[in-house]
Structures are given as structure tokens and as C-alpha cells.
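The entries follow in the order I made them.

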Amino acid sequence: MKNCNNWAIASQKPLIAQLRNLPPPETIGYQDELQIVELLANQPSPEVILAIRPTPALQTRMSELLHRNKSGTLSRSEEVELDRYLLLEHWVRLAKAHAYKHLQTAA
């Protein structure tokens, strides 16, 4: 899964750089998969999708797990948790890429 995520991130770097330059109308925090599914099921506008961000608590937890992963001290359950968060982040990136593309074609 980690190699797949590295490729996905590398292939989206130009798009990610462009997305960072767009000011979100407001930040919409998420903590888990259910919140993302519920949000996307409501078919939000592209601007709302671009405003999606992990909550500070989730950012802190992901940072901790990434640091422990680098140092090789992750337990098996933490490895599963990190993979789950990375997949969740990938879903959000895909949704943002689609939203950005939609805004570009509408402009």
C-alpha cells in the first residue's frame, strides 16, 4: 500500500500545488471514513470539497504514526491504522482533484 500511495502522491504533485493556491471558503474537518462518506453523499459543491481538511486531532495522530513508521516502531495495529488514514487521505485527494477539474472546465 505504501508504494501505491507514493506513486499517487507523486503523480498528483502539480495538481496539489495548484490546489494549495486556492483559498477555501471555510475549512471542513474530518476525522474518519464515515464523515467523508456522509459529506460526499450530499454531493457538495467543488468549493466545499476543496475546503475539506483533516481535524487537528487527526493531523496530530497521523504525524505520530508517520514518525513511528519512519523509526520502525509501529505495532501491527498502528500500521493498519496508518494505512487506513493514508487511504482516507487518498480518497479526499481524488475528490479534490475531481472538484478542481470541474472548476477548471466551468471557468
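Which residues of the largest nonpolar core touch the most other members? I found Y30, I36 and I52, out of 18 residues in that core. A nonpolar core here is a set of buried Ala, Val, Leu, Ile, Met, Phe, Trp, Tyr and Cys residues joined through side-chain atoms within 4.5 Å. Helix 3, helix 4 (46-50), helix 5 and helix 6 (76-106) each supply at least two residues of this core. Helix 6 gives the largest share, 8 residues. Helices (H or I, at least four residues) and strands (E, at least two) are DSSP runs, numbered from the N terminus.

I noted the basis of the entries: this is a predicted model, local features need pLDDT of at least 70, side-chain atom pairs count only at pLDDT 80 or more, and totals for chains, interfaces and linings use all residues. Residues are numbered from 1 along each chain as its sequence is written, and side-chain values use heavy atoms, with hydrogens and water left out.

Next I looked up I52. Not counting residues up to four places away in sequence, I52 touches I28, Y30, I36, L39, V92 and K96 (contact means heavy atoms within 4.5 Å).

I then turned to L39, which sits in helix 3 (residues 33-41). L39 counts as buried because its relative accessible area is 18%, and buried means under 20% (1.4 Å probe, protein chains only), with exposed over 50% and partly exposed in between. With residues up to four places away in sequence set aside, L39 touches I28, P44, V48 and I52.

Last, I checked T55, in the loop between strand 2 (52-54) and helix 5 (56-71). T55 is also buried, at 19% relative accessibility.
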